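Hello,

Here is the structure I promised to pass on. Please have a look, then read the notes below.

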Amino acid sequence: MSSLQHTRRRIGSIKNTQQITKAMKMVAAAKLKRAQERILEARPYAQKMLSVLENLSMRIERGRHPLLAKRGDKKIEVMIVTSDRGLCGAFNANIIRRSMEFLKQKKEEGCEVTLNTVGRKGRDFFRRRDFEMRKTWADIFDRLSYENASEMGRDIVESYEKGLFDELYVVYNEFKSAIQQRVITERLLPIEPAKPVEIEVVVDYIYEPSAEVILQSLLPKHIEVQVFRILLESNASEYGARMTAMDAATKNAKELIKKLTLIYNRTRQEMITKELMDIVNGAEALR
């Protein structure tokens, strides 16, 4: 009887868990739709701004603006974008694994490395390791807005201009689809000018007020826009990973319930058969 009670309790517990994972899947699917719309709207703007700035930066010397100046590659900062919550499959594990590989490579090259983490999962992981944490950001994805990216962008620009690091890399998940995310390692600073392309007709532009003044205004804004795009990519990827993980968990719970129900019925049938046999044997003994 105790075995039957234990199996019955397990089935009930798994059914409760299944309800939770199913609800989490539905919530993630609803949030994913909005997050996917936001990233698809933001990508063309961010890509076009990068293209404009790359072409503008070709027309001035790199040292004329600190965000274009190439100072070296021995002091680097790595921004690692993870989630604030778990239960999203290998989303955070893939980011952390790629980050550790990149950090190990840079340390072997003799680089001085600082970290800038976004999300509690990355913060908690690297806080327990031997890495210098310059800045941490947490609990921003629930109400993700451009103001978050603007604050982060200003911090990055100010720190770069102060010479705290020479290069900034970002490790994050790029959103491909609801079931596919790709880990990206991208250099954000310094901004690389576009390579000149040899064409038959050379097109020049008249700038008002001037290319230098326009860059002075647009370069910090560009960093904010790119950070916002990266946060949106990560946010949509997180919801996609969570929806997929919760869907798999719900299916696994369903299969486990089937197996336990079969075991429960088989055990119960064996107990009933044994009781019947005892009754029959007892009746025969009384004859």
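**Around D84**

D84 touches G119, R120, K121, A138, D139, I140 and F141, leaving aside residues up to four places away in sequence. Contact here means heavy atoms within 4.5 Å.

A word on the source: this is a predicted model, where local features need pLDDT of at least 70, side-chain atom pairs count only at pLDDT 80 or more, and totals for chains, interfaces and linings use all residues. Residues are numbered from 1 along each chain as its sequence is written, and side-chain values use heavy atoms, with hydrogens and water left out.

Where does D84 lie? It is in the loop between strand 1 (75–81) and helix 2 (91–108). Helices (H or I, at least four residues) and strands (E, at least two) are DSSP runs, numbered from the N terminus.

D84 is buried yet has no salt bridge. Buried means under 20% relative accessible area, exposed over 50%, and partly exposed in between (1.4 Å probe, protein chains only). A salt bridge needs a side-chain nitrogen of Lys or Arg within 4 Å of a carboxyl oxygen of Asp or Glu. For D84, the nearest side chain of opposite charge is R120, 4.3 Å away. Lys and Arg count as positive, Asp and Glu as negative; His and the chain ends are not counted.

The D84 side chain does reach backbone nitrogens. That of D139 is at 3.0 Å. That of I140 lies 3.5 Å from a polar atom of the D84 side chain.

**Helix 3**

Helix 3 covers residues 120–127, and G122, R123, F125 and F126 are buried in it. What covers these buried residues? The cover includes strand 1, helix 2, strand 2 (112–118) and strand 3 (132–137).

**Salt bridges**

The count comes to 16 salt bridges.

- K25 and D247 meet through their side chains at 3.0 Å, N to O. This pair links distant parts of the chain: K25 is in helix 1 (residues 2–57), D247 is in helix 5, and they are 222 residues apart. K25 is partly exposed, at 29% relative accessible area.
- E37 and R34 form a salt bridge at 3.8 Å, N to O. They sit 3 residues apart in helix 1, so about one helical turn separates them. An α-helix has 3.6 residues a turn, so residues three or four places apart point the same way. E37 is partly exposed at 36%. R34 is partly exposed at 46%.
- R187 pairs with E167, the closest N and O atoms being 3.5 Å apart. This pair also links distant parts of the chain: R187 in strand 5 (residues 180–189), E167 in strand 4 (residues 167–177), 20 residues apart. E167 is buried, at 3%.

The network joins R43, E186, R229 and E233. R229 lies in helix 5. R229 is buried, with a relative accessible area of 9%. R229 touches I39, A46, Y172 and E186, again not counting residues up to four places away in sequence. The C-alpha atoms of R229 and Y45 are 9.3 Å apart, though 184 residues separate the two along the chain.

Best wishes

Terms used:
Polar contact = N/O pair within 3.5 Å; in protein donor to acceptor, adjacent residues only side chain to side chain.
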